[in-house]
Amino acid sequence: MAGNENSEPGSSESRNQDDSGINPSESSDAANAGGEIGGLPTIDPTAPAGSPSAPKRRVGRPTNAEKGLPTKSASKSTPRQKAAPVAVNGVEKVLFSLHQMAATFIPEAELDREESKLLAESLADVSSFYSQVVDPKIVAWVGLLGVAGKIYGPRIGAFALRMKMEKAGRPPRANLSVVPQKPAAQSAPAPVANPAEVVATMISVPTPEG
Amino acid sequence: MYLPNESQSILIIGKNGSGKSYAAVWHLAQKPLGEFPWVIINHKREKLIDSIPGAQFVDLDFTPKKPGVYVYHPLPDFDDDAVTALLWRIYQRENIGVYIDEGYMINPRDPALNALYTQGRSKHIPLITLSQRPSRISRFAISEAAFYQVFYLTDKNDRARISEFIPGGIEEYMKGKPGEARLMPDFHSIYYDVGRNEIAMMRPVPQEADILDIFEKKLKKPKRGVLHRLGFL
């Protein structure tokens, strides 16, 4: 069946090696006769998208109806909620604790609360222009990890250093502990001793000679 | 008329040389290839499939994770177990399209294959199945298809089997006395949308070069910087 002169604009010449015994000239005439073949409407894969004879392509994933989820029409009654912006407070806390943790090793990285707030607000401003919204759950988890790192990181580091020094036979430094020390409770001032009593006590102490 | 969406399966049948491979590759080209992976099981090493630009040729123990077109070349019978294992991994992973170039090359009773046919829709595993002989493929491949595209079939039994699933049957379009033109022209196919109960005659798909061009555009990876990757641009 070489030399198939199929007049369809989209037919492939490489498909001309057909052995089906079909008369291509007659069949292509039939195909071009109109918008119907054998009583069936025709669709043309070569037609540009949007034209009546072009097959329609369903873009994207299956609809909610196909997935058994609430459909768009069903959710029309309730106004669509705008994507929640990033919680500035949460991000601020995360930034603050992350920088506190980093400051253990790099003191310059430390941020104060005001700087954290400014940074978080700027970040929220930028993210408001993007559709992707940070899940508050993720923010909370990152915050937890940051705080946990801030609390446990230095302790683990100090413990490891102490063990290393003990192994090396050197006494640990007194100021090795990174655990913040609570300020000592103000003890009541010791009563001022009477100098005369002190001297009397010293005199009354028996000496070895007698 | 609509094309299958990203969870619907299509069965394309027709005799050798009827144009079904071109139609199937064209259907694949219409898919959003940048969204999830498509696996092609190409037992007979169809040249058109192997010339898809951007396709990756992989071993049977590889499971694709990133979007793209992945071509497997299993040996008939010898690699049957590996194909079954691959299909089970796809079943577990979900969101992977499967293109089976010759449906009858896989055992019709293969449990993984039948699981994909029966549960593929809910797992977002669309299938494109081709076969020359509908009477030799899994019954689920026929019964669970959301679309049928039927090219010329020589065997009467095959016509009868597929006619069970298409209202009005296909016999009258394929009849023709010797020397006379058939009602269904060359390279045309009967296209049936089960969900909408719509039937049409599909004209031949575009030429090979045009089909491959679609892949070229879809699978071409643009160079992207850090800002693109982070979603800022």
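## Chain A at a glance

Helices here are DSSP runs of H or I with at least four residues, strands are runs of E with at least two, and both are numbered from the N terminus. On that basis chain A comes to six helices and two strands, laid out along the sequence as α-β-β-α-α-α-α-α. This is a predicted model, where local features need pLDDT of at least 70, side-chain atom pairs count only at pLDDT 80 or more, and totals for chains, interfaces and linings use all residues. Residues are numbered from 1 along each chain as its sequence is written, chains are lettered from A and ligands numbered from 1 in the order in which they are written, and side-chain values use heavy atoms, with hydrogens and water left out.

Chain A has 210 residues, and 24% of them count as buried (under 20% relative accessible area, with exposed over 50% and partly exposed in between; 1.4 Å probe, protein chains only). Chain A exposes about 15600 Å², with carbon and sulfur atoms supplying 61% of it (Shrake-Rupley method, 1.4 Å probe).

## Helix H5 of chain A

H5(A) runs over residues 136-167, so to speak a 32-residue helix, and reaches 45 Å from first C-alpha to last, close to the 46 Å expected at 1.5 Å a residue (that is, 1.5 Å times one less than the number of residues).

There's a kink of about 30 degrees in H5(A), centred on A:Gly149; the bend is the angle between axes fitted to the seven residues ending at a residue and the seven starting there. A:Gly149 is also one of the buried residues of H5(A), a list including A:Gly143, A:Gly146 and A:Pro154. Just after H5(A), A:Gly169 takes a positive phi of about 85 degrees.

## Aromatic pairs

Over all chains, the structure holds six aromatic pairs (ring centres of Phe, Tyr or the six-membered ring of Trp within 6.5 Å; planes under 30 degrees apart are stacked, over 60 edge-to-face, the rest tilted). One of them is B:Phe62 with B:Tyr70, tilted at 40 degrees with centres 5.7 Å apart. B:Tyr70 is buried at 3%, while B:Phe62 is partly exposed at 34%.

B:Tyr148 and B:Phe165 also form a tilted pair, at 6.3 Å and 40 degrees. The pair links distant parts of the chain, 17 residues apart: B:Tyr148 is in strand S7 (residues 147-150), B:Phe165 in the loop between helices H6 (156-163) and H7 (171-174) of chain B. B:Tyr148 is buried, at 2%, and ring pairs join B:Tyr148, B:Phe165 and B:Tyr192 into a cluster.
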